[in-house]
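Me: I would like to learn how to read a protein structure, one feature at a time. Please give the general idea, then the case at hand.

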Amino acid sequence: MLPAIFWRHPTTMTKIKHRFLDHQIDPNTEILVIGTFNPDTEENVADFFYGRQRNFLWALIPTAFNETSLKGKSKEEKLEFIKRFKIDFIDLISEVEVDEAANYDDGYIDSKVTEWRNVIAELNKLQNLKKVCLTRKSFGDIPNMKARIDEIKDYCEQRKIPLQFLATPARFYRQDKQTEWSNFFNDGNR
């Protein structure tokens, strides 16, 4: 028997798929928003991308277009909005394998990914794509995601598609965050 210092309590790992993995990006998309992961778990009540209570994307983007906030509104209202403004969403990760009591912070799940989305293949399908944004600015604690993001950045640079890293829409809403998002969606004319 190994000394106690070498014994590790076995942990149960659980595979978690992306909640909206079946979402098909509209081929007419002009603006693509890239995030990281949205877990398909019982405690996640989001009905669409960025639909969690502590996420303000559905206030930020409509406000950028002088529209009423869609935070807390139905999936159908959000789908109508993104179709009208030719916006769509994709995340980097399709599946993770995590401890049962795991969190879904990017820094934690970065090393737990079992399946990545092929974002480049999806970008190749978007003939009308005009710009791309990522919902994160710093990458120091997510080296595996950073490698995928670097590939996307290179792809966009080669095709002269503007790519911008925006402040996360999560946790809080502030005017400076709104200004940043509005400037992105309005080419700095706001």
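Predicted model: local features only at pLDDT ≥ 70, side-chain atom pairs only at ≥ 80, totals over all residues.

Me: How do I read a sheet, and in what order do the strands lie here?

Reply: Strands of a sheet pair through backbone hydrogen bonds, either parallel or antiparallel. In this model four strands make an open sheet with the order S3-S2-S6-S7, and their pairing is parallel. S3 and strand S7 (163–165) are the edge strands, since each pairs on one side only. From one strand to the next, the twist averages 20 degrees.

Me: Which residues are bridge partners in S2 and S3?

Reply: These two strands pair in the parallel sense over five bridges. Leu32 has Asp88 in S3 as its bridge partner, and Gly35 has Asp91.

Me: What should I look for in the side chains of a strand?

Reply: In a regular strand the side chains alternate between the two faces of the sheet. For S3, Ile87, Phe89 and Asp91 are on one side, with Asp88 and Ile90 on the other.

Me: How do I read a helix in the same way?

Reply: An α-helix has 3.6 residues a turn, so residues three or four places apart point the same way. Helix H1 covers residues 57–64 and is mostly covered itself, with seven of its eight residues buried. The buried ones are Leu57, Trp58, Ala59, Leu60, Ile61, Pro62 and Ala64.

Me: What covers the buried residues of H1?

Reply: The cover includes strand S2 (31–35), helix H2 (75–85), strand S3 (87–91) and helix H6 (175–185). H1 lies across S2 and S3, and runs at about 150 degrees to S3.

Me: What follows H1?

Reply: Asn66 follows, and its phi is positive, near 55 degrees.

Me: Which residues line the largest cavity?

Reply: The lining is made of Ile34, Gly35, Thr36, Leu92, Leu134, Thr135, Arg136 and Ile149. By class, four are nonpolar, three polar and one charged. Gly35 has already come up, as the bridge partner of Asp91.

Me: How much space lies in the largest pocket, and what lines it?

Reply: About 810 Å³ of space lies in the largest pocket. Its lining has 25 residues, and Arg52, Asn55, Thr168, Ala170 and Arg171 lie nearest its centre. The classes in this lining are seven nonpolar, nine polar and nine charged residues.

Me: Is Asn55 buried or exposed?

Reply: Asn55 counts as buried because its relative accessibility is 12%, and the cut-off for buried is under 20%. Asn55 is in the loop between S2 and H1. Leaving aside neighbours within four places in sequence, Asn55 is in contact with Tyr50, Lys71, Pro169 and Ala170. Ala170 is also among the residues nearest the centre of the largest pocket.

Notes. Residues numbered from 1 in each chain as written. Heavy atoms only, no water. Buried < 20%, exposed > 50% of the residue type's maximum accessible area, 1.4 Å probe, protein only. Contact = heavy atoms within 4.5 Å. 1 Å grid on protein atoms, 1.4 Å probe; cavity = no way out; pocket = protein on both sides within 12 Å on 5 of 7 lines; lining within 4 Å. Nonpolar A, V, L, I, M, F, W, Y, C, P; charged D, E, K, R; others polar. Pairing = 2+ DSSP bridges. Points joined across faces, edges and corners; volume = space filled by probe spheres on them. Axes fitted to C-alpha atoms, helices over the stretch in contact; angles between N-to-C directions.
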